[in-house]
Every structure is written in C-alpha cells, then in structure tokens.
Amino acid sequence: MTTFYIEQFGCRATQADAAAIERQLRDRGFSPAGDSSCADVVIVNTCTVTGAADAQARDAIRKVHARNPAARVIATGCYAQRAPEELAALPGVSWVVGNSHKPEIPWLMDATSETAAGRASNGFVPAGALGGEKLSLLHGPAKILTGNIFEQRALLAAPVIGGEGNHTRPVVKIQDGCNSRCAYCVIPFVRGRSRSLQPEQVIGEIARLSAAGYREVVLSGINLGTYGRDLSPRVELIELLRRVLDETSVERLRISSIEPMDVTEELIALFASSERLAQHFHMPLQSGCDRVLAAMYRWYRAEHYARRVELIRERLPDAAIGADVIAGFPGETDSEHAETLAFIARLPFSYLHVFSYSMRPGTRAAELKDQVPTQVVKSRARELRALGEAKAREFRGSQIGRELRVLTLRRNDDSVETTPALSSDYLQVRVRGKFPANEWLDVTVANAGERLVGEPIGSTVLSSGS
C-alpha cells in the first residue's frame with residue numbers, strides 16, 4: 001500500500017487544501033505515514049506570501065530528500081503555481097503541481113500506487129483526468145503541471161482538525177481566491193478568482209462537526225468578506241452566519257480575517273446579538289497612512305478603518321480586535337511610518353501581526369523604484385511589534401477580574417498543573433488544574449506576568465448548555 005505524508009506550510013486556506021487532499025487520498029485507500037522519512041510520497045504544500053516562505057519550502061524539500069531519498073516529492077501550493085521551475089530544479093522533486101491542478105493530485109497518487117491497476121495503467125494518468133492530458137508519471141526529471149489559475153472553479157475544502165487549537169477547533173474554508181489587486185500581494189495570481197462553497201455545503205459540514213462533538217468552528221477564506229458574491233443567486237456572508245446559527249447547533253462560531261470595509265454595522269449588530277459568535281475581529285490594516293494605503297491599492301483610508309474599530313467597541317466593548325501591518329512598503333518615509341505608529345497607538349487593538357515588506361515578483365510594488373533598505377524595514381518592524389506587544393499587554397490587563405467562559409485545549413505537557421484554554425475574545429488563558437480538552441469552563445481571570453491565569457469557578461468541568 002502506497003503511503004503518503006503532507007508537509008504543510010502557509011495560511012489556513014492552504015491547510016484546508018491539505019486536509020481536503022488527505023481526505024481524498026484516504027478515501028482512495030492510501031495510507032498516511034507518521035513522518036516524511038518513511039513515506040512513499042511526500043506532498044509539500046507550499047506558501048509564497050513572502051520570500052521567507054519560499055526559502056522555507058525549498059529548505060523543507062531538501063531535508064525531505066536527504067532523510068528519505070527514495071520518496072517521490074510532489075511540490076504543490078502557491079509557490080508551485082507562481083514559480084514551478086524553481087521547485088522542479090530541487091533534488092527529489094518528481095512533480096510540481098500548481099494550485100490550478102491541485103484537485104487532481106489523487107490521480108498522480110493513483111499512478112504511483114501498486115494497487116492502482118484498475119484505475120491507472122502503464123504509469124499514465126487516465127486521459128481526461130488532467131484536463132485531457134495523458135501525462136507520464138514514470139521515473140525521470142521533475143514534471144510540471146500548472147495552468148491558468150483564473151480558470152479554476154473547484155474549491156478544495158475539508159475541515160482542518162489540528163494545528164492551532166490542538167484538535168479542538170476545526171477550521172472550515174468556505175471561500176478561496178481574491179478579486180482585489182493590492183500592490184504588494186501575489187495571492188490573487190496563485191489562488192485565482194474568488195469562489196465560494198454553497199451555503200448548504202457549509203451548513204452540512206458544520207452540522208457534522210457539531211454532531212461529532214466539536215464546540216467551536218472557525219470559518220476561513222482568502223477574502224472571507226466576499227463570500228457568496230460569486231454564487232447564483234448571490235449570498236452575503238451575514239446571511240450565511242444567520243443560517244448557521246439557525247440551522248446548526250454549533251456552540252461557538254469564529255470568523256478569521258475579514259477586510260475592514262466588510263465589517264458593517266449590520267454585521268457587528270449580529271455579533272452583539274449572539275453569544276455563539278466569538279467576539280473577535282481580525283481586520284487587515286497594513287498602514288495607518290493614507291498615501292501609503294493608496295499606493296498599496298487598498299480601498300479604504302485610515303479614518304474609514306478607525307470608524308470600524310469604534311463601531312465594534314461601541315457594541316462589543318470586550319471584543320478582541322487584531323490587525324495585520326506591513327513595515328517598509330516601497331516609498332514609505334520615516335514620517336509615514338511614524339504616522340502608522342501614532343494611528344495604531346490611539347486605537348484599542350488587542351494584538352498586531354507585523355510583516356516586513358517582501359517583494360513578490362509580478363506585483364505592482366515589485367516594480368517601484370524606491371524600495372526601503374532592508375535594515376530600515378527590520379527596524380520599523382521591530383517598532384511595530386513592540387507596539388503590538390504593548391497593546392496585547394494592555395488588553396490582557398483589562399481582563400483582570402472578569403469572569404469568562406473558555407474552551408479548553410489539548411494539554412501538551414502532563415507535568416504542568418494548568419490547562420490551556422481560549423475565550424470568545426481570543427484570550428489565551430492558562431486555567432489552574434488539569435481538565436480534558438474541548439470542554440467549557442467558567443473562570444475568573446487573574447494576572448501572572450505575561451500571561452493570563454484562570455481560576456475555575458467551582459471545581460467541575462461544565463457540560464455544554466450548563
């Protein structure tokens with residue numbers, strides 16, 4: 001029996017792709033290996049959002065080949081779509097499969113399987129399985145399988161069980177692709193147009209997860225706020241959220257990153273109306289300077305963003321509000337960086353995700369002449385991270401003495417006398433005592449240096465609905 005291992009990089013959407021591939025391979029009778037060192041086929045699912053992500057993927061492939069020279073490596077994902085020749089040149093790579101053809105990876109696996117006699121003969125993928133191509137998959141130089149990503153209509157989707165949340169908070173990808181063209185971002189060119197799962201599929205998946213005992217589900221997408229706009233009839237994200245609340249028994253629903261202009265008064269009101277919706281908004285900011293935002297081809301300005309934050313605080317005073325920020329976008333001056341720092345400082349952010357600008361081939365920003373020197377970019381990123389850490393400390397401090405309902409996560413160390421847990425407003429809490437994962441606890445929040453400690457209210461684990 002052919003065994004496989006998936007080496008995973010990148011965002012939640014990429015993780016969802018890997019989960020879907022794994023589900024397909026298991027359904028076809030392939031067996032997951034415990035490690036890349038003992039797998040017949042290693043699928044390296046890459047990210048390309050930064051140059052560092054590219055380097056990480058190349059390094060991983062080299063290490064896989066060094067540990068397991070006999071393994072066939074399939075390099076796939078966003079880097080494979082953007083620069084397939086770079087990956088094809090690496091030792092051990094048999095095939096490079098772009099996102100355009102990622103749904104067809106099971107056919108490639110069929111062709112390598114000794115048990116695939118009835119499905120693929122003579123080492124060939126069946127004609128028609130790969131868009132009409134008859135592709136040899138026998139030993140030889142790495143083969144590249146990519147195409148026009150904007151013709152891709154399929155949406156790989158399966159719940160991600162594991163990773164962040166320690167097997168207690170499945171992530172369901174409901175949207176892929178992006179129709180925006182931010183100057184710094186390569187993702188639309190490697191993910192394609194925005195496309196959405198049908199509402200019935202989303203509701204069915206969440207209902208199955210809820211019935212299986214999962215208490216929190218996270219909805220994710222590349223541009224989540226555009227969910228349903230490609231469907232006929234058109235559906236809005238807020239309509240889907242209402243249906244999930246009405247038609248499933250999921251106990252807590254969390255949304256991942258959502259663009260600021262999609263955070264409307266109506267959406268905030270919905271979140272304020274239901275305790276089943278996690279009080280957590282992650283809205284990419286990127287810059288607090290209007291000139292830089294315009295150069296980035298972002299479609300809002302700083303005060304538009306600030307008003308969204310104010311609306312959230314008015315209706316949900318304890319909600320977590322996070323943001324992505326880019327340090328050192330081409331042309332950004334010292335005074336414009338200072339403007340971003342001042343903008344962030346005056347708003348009630350709970351945390352920041354800071355990214356050093358990384359030139360991505362094919363983007364508008366890569367063509368700009370006034371690139372910021374690397375050392376300046378690093379210095380600005382350090383200042384932003386320090387501000388983000390101060391904001392996070394301030395937010396944690398504001399929670400002292402509050403009573404929170406938290407969801408316990410898996411404990412990684414049995415010798416530790418606390419249990420990790422997560423609140424609705426995205427607070428990481430260490431609860432005193434040892435409790436099973438995936439249970440609700442009511443706790444009183446106390447401070448313990450750089451982390452929050454939760455004192456259980458009562459001594460027993462609470463069941464759902466108690």
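In this predicted model, six strands make up an open sheet with parallel pairing, in the order 2-1-3-4-5-6. Strands (E, at least two residues) and helices (H or I, at least four) are DSSP runs numbered from the N terminus, and two strands pair if DSSP finds at least two bridges between them. The edges are taken by strand 2 (31-32) and strand 6 (143-145), each of which has a single partner strand, so one side of each lacks a neighbour in the sheet. Two parallel bridges join strand 1 (residues 3-8) to strand 2, with Thr 3 placed opposite Ser 31 of strand 2. Helix 1 (residues 12-27) packs on the sheet and touches strand 1, strand 2 and strand 3 (41-46), contact being heavy atoms within 4.5 Å. The direction of helix 1 makes about 175° with that of strand 1, where axes are lines fitted to C-alpha atoms, for helices over the stretch in contact, and angles between N-to-C directions run from 0 to 180 degrees.

Attention now turns to helix 12. Its buried residues are Glu 336, His 337, Thr 340, Leu 341, Phe 343 and Ile 344 (buried: under 20% relative accessible area; exposed: over 50%; partly exposed in between; 1.4 Å probe, protein chains only). Viewed down the axis of helix 12, these fall within an arc of 160°, so they line one face of the helix; the arc is that of the directions from the helix axis to the C-beta atoms. The face turned away from the buried side carries the exposed Asp 334 and Ser 335. Among the elements covering the buried residues are helix 11 (302-315) and strand 13 (351-356).

Residues are numbered from 1 along each chain as its sequence is written, and side-chain values use heavy atoms, leaving out hydrogens and water. Local features need pLDDT of at least 70 and side-chain atom pairs count only at pLDDT 80 or more, while totals for chains, interfaces and linings use all residues.
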